[in-house]
Amino acid sequence: MQKHPLSVLGLGLLLSLAKAGPSTAEPFFQAQVIQLALDHSPRITAAKQAWEAARAQVWPARMPPDPELSFEYESLPEALRLNRFGERSIGVSQILEFPARPYLRGRIAAQEARGAWLEYEAVRIEVAAEAEQACAHVWAGQRRLGYAEENLRLATEFRDRTRVRVEAGDASR
C-alpha cells in the first residue's frame with residue numbers, strides 16, 4: 001500500500017480544526033474535508049492534466065499525415081547564383097493511406113483518453129477514501145481521548161475519596 005502526503009496533511013488539518021462535537025455535525029464536517037482534499041490534491045490535478053492531454057490527441061490522430069514539400073538543385077554553379085542551376089525541381093507529396101487507418105488511429109486515441117479518464121476517476125476515489133480514512137482516524141482518536149479523560153476523572157475521584165477515607169481513619173494505608 002502506498003503512503004501519500006495527503007493523508008498526513010489531511011490528518012493534520014483535521015486535528016487542528018476538529019474538536020469533539022455532536023455526532024450530527026460529523027457527516028457535514030467529513031464531507032467538507034473530502035471536498036477540500038478533492039479540490040487541492042496534486043495527484044488529482046496531475047491525473048486530470050493527463051486525461052486532458054490524452055483527449056487532445058484524439059482529433060490529431062484522425063488527421064491524414066502532413067504533406068511534404070521538397071526542393072532539389074543539381075549542377076551547382078561556381079558563383080553560387082540561383083539562376084544558373086543545371087536542373088531545379090520543386091515537389092509536393094501527400095501520403096494517401098487506406099481509409100480505415102485514420103479512423104482506427106482516432107479510435108485508439110479515444111480509447112487511450114477513456115483509460116486516462118478512468119485513471120483520473122480512480123485517483124479521485126482514492127483521494128476521497130484517504131480523506132475519509134483520515135476523518136475516521138481523527139474520530140477514533142477523539143473517542144480514545146474522551147475515554148482517557150473519563151478514566152482520568154474517575155481515577156482522580158477515586159484517589160480523592162480514598163485519601164478522605166484514609167485521613168478519616170476508615171481505611172488503612
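**Exercise 1.** Decide whether D66 is buried or exposed in this predicted model.

*Solution.* Begin with the place of D66, which is in the loop between α4 and β1 (68-74), where helices (H or I, at least four residues) and strands (E, at least two) are DSSP runs numbered from the N terminus. Next take the cut-offs, by which buried means under 20% relative accessible area, exposed over 50%, and partly exposed in between (1.4 Å probe, protein chains only). D66 has a relative accessible area of 66%, and therefore D66 is exposed. Finally, look across the sequence: D66 and S93 are 27 residues apart there, and 9.1 Å apart in space, C-alpha to C-alpha.

Two notes apply throughout. Residues are numbered from 1 along each chain as its sequence is written, and side-chain values use heavy atoms, with hydrogens and water left out. As this is a predicted model, local features need pLDDT of at least 70 and side-chain atom pairs count only at pLDDT 80 or more, while totals for chains, interfaces and linings use all residues.

**Exercise 2.** Describe the surroundings of A54.

*Solution.* The place of A54 is in helix α3, and with a relative accessible area of 18% A54 is buried. Counting as contact any heavy atoms within 4.5 Å, and leaving out residues up to four places away in sequence, A54 touches A109, E112, A113 and A116. A54 and A110 are 56 residues apart in sequence and 7.9 Å apart in space, C-alpha to C-alpha.

**Exercise 3.** Classify the pair formed by the rings of W51 and Y120.

*Solution.* Rings of Phe, Tyr and Trp (its six-membered ring) pair if their centres lie within 6.5 Å, with planes under 30 degrees apart counting as stacked, over 60 as edge-to-face and the rest as tilted. The count by this rule is 1 aromatic pair. The ring centres of W51 and Y120 are 5.7 Å apart and their planes are at 10°, so the pair is stacked. Because W51 lies in helix α3 and Y120 in helix α5, the pair ties together parts that are 69 residues apart in sequence. W51 counts as buried at 16% relative accessibility, and Y120 counts as buried at 10%.
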